[in-house]
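Hello,

Here is the structure I promised to pass on. Please have a look at it first, and then read my notes below.

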Amino acid sequence: MGISSRAINGLSRREFLIMTSLATAGLATGCATNPVTGRSQFMMVDEKQEIALDHKQSPHQFSADYGTTQDLRLQNYVQATGRRLAVNTHRPQMPYDFHCVNANYINAYAFPGGSIAATRGIMLSMENEAGLASLLGHELGHVNARHAAEQMSKGQLTQAIVGGISVLAGTQSAALGDLAGQLGQISAGALLASYSRDNEREADALGMTYMVGAGYGSEGFVGLMEMLNRMSKHKSTTVDLLFATHPMSQERYDTAVQTANTKYKAALKNPLYKERYMDHTADLRAKKDAIEEIQNGEKMLAERKYDAASGHFRQALKKAPEDYVALCMISISNLAQKQYAVGRQYAEMAQAVYPQEAQAYHLSGFANIQLKDFEKAYDEFDTYEKRLPGNPNTVFFKGYCQEGMNHIEPAAAEYHRYLQVVQQGQYAQHAYKRLVDWGYIK
Ligand SMILES: [Zn+2]
């Protein structure tokens, strides 16, 4: 099976050639001094490409984190705090967008076009608005210093930009019997940039500039660093991804203390807005116990201790019966134990509490395939694709459902569509073999 030029997955042919010819291209042409950091950067990606990549990938990351919170007071607060900082950054023209996502592990991240998110987990760990401004300021620092674009230009993110999520889909769908592959989810962090220690230094420096510029006390930045430094010393699965992507160090903390007391001494005692933070996170903090149960359940799930995991999720649901994450998680735990009917039931409950979010449709689609209800499964995957286009796994499953219903022509169409973006892995082999069997490929 040859890899066609259509594998480029949405990038124009010109963009693809730029990316793939890096190794042989005249490298000197891409070197320029970044006006934000004053550092010479090798850059082969322009602003339009940064925004296009962001728009293609960030929705998948947000959905992998169970969507933007339905707590509108909290969401609007994160958005407003981010925007207050964004107008005074070095790239105010970027289409910034700030989210609090439902995931319960502790993390924050930025995509190169300015889509930025903080999880419920990290929102629960902070104590004032200046800390939130510091966190968002740090992420804005990565966008403004163009760290992700720089990584792409060096080829470190080439796979991610060229293949988009199709490369991940191809490598993750290990076997048809593999649960994680069949659930069709993008694994945590697969789409996130991993920053170097130098990147972190630059993002911290810019982050403090931005939050002080918006009127916050620089002590708030020190507070955030103090919290991260403390967390980084206690190994925990809830912070693994945060520190894998944003390396923490004593030096970052020390630098923050020093900068706050010298360069930004005048801003040291500016307000931290603790009360305002507490007001806007009140509903989230009311769910603290439930979120801790989910965190414990996720840990058990990762260790494949499904009974224990389900126990924690049930406890979480007692405290917060309409929590989308808890409902999805208990569905996953049941599906993993081959309790497909129960898994489907929880997935449908999850859909009912958050119909706009995509993940739960994939879960019920998977359950319905296992229960041999291919027609219903097809509808679920179709709904998923309408909510979140661009995940090739969905296309494969739609073909698989059509095949299950003996609808050869539509099945072949979906398999063909799948093979246009993914040419490796078990799914691709299955799709290819069917197209040969059915006479579509001679
Ligand atoms: Zn960082």
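**What I found**

Arg 417 pairs with Glu 414 in a salt bridge, their closest N and O atoms being 2.8 Å apart. By salt bridge I mean a side-chain nitrogen of Lys or Arg within 4 Å of a carboxyl oxygen of Asp or Glu. Both Arg 417 and Glu 414 lie in helix H23, three residues apart, about one turn of the helix. Through shared partners, salt bridges join Asp 382, Glu 385, Lys 386, Lys 398, Glu 414 and Arg 417 into one network.

Before going on, a word on the source: this is a predicted model, where local features need pLDDT of at least 70 and side-chain atom pairs count only at pLDDT 80 or more, while totals for chains, interfaces and linings use all residues. Residues are numbered from 1 along each chain as its sequence is written, and side-chain values use heavy atoms, with hydrogens and water left out.

Helices here are DSSP runs (H or I, at least four residues), numbered from the N terminus. Glu 414 is buried at 10% relative accessible area, and Glu 385 is buried at 16%, whereas Arg 417 is partly exposed at 31%. The cut-offs are under 20% for buried and over 50% for exposed, with partly exposed in between (1.4 Å probe, protein chains only).

The protein donors of the zinc ion are His 138 (NE2), His 142 (NE2), Glu 200 (OE), Glu 200 (OE) and His 246 (ND1), at 1.9 to 2.5 Å from it. Donors are N, O and S atoms within 2.8 Å of the metal (3.2 Å for Na, K and Ca); water is not among the atoms, so sites may look incomplete. Their residues follow the spacing H-x3-H-x57-E-x45-H. His 142 in helix H5 (residues 129-144) and Glu 200 in helix H10 link distant parts of the chain, 58 residues apart. His 142 is buried at 2%, and Glu 200 is buried at 0%.

Met 211 is also in helix H10 (residues 197-213) and is buried at 0%. Its contacts (heavy atoms within 4.5 Å) include Leu 85, Ala 130 and Phe 221.

Best wishes

Terms used:
Helix = DSSP H or I, 4+ residues; strand = E, 2+ residues; numbered from the N terminus. Lists of a residue's contacts leave out its neighbours within four places in sequence.
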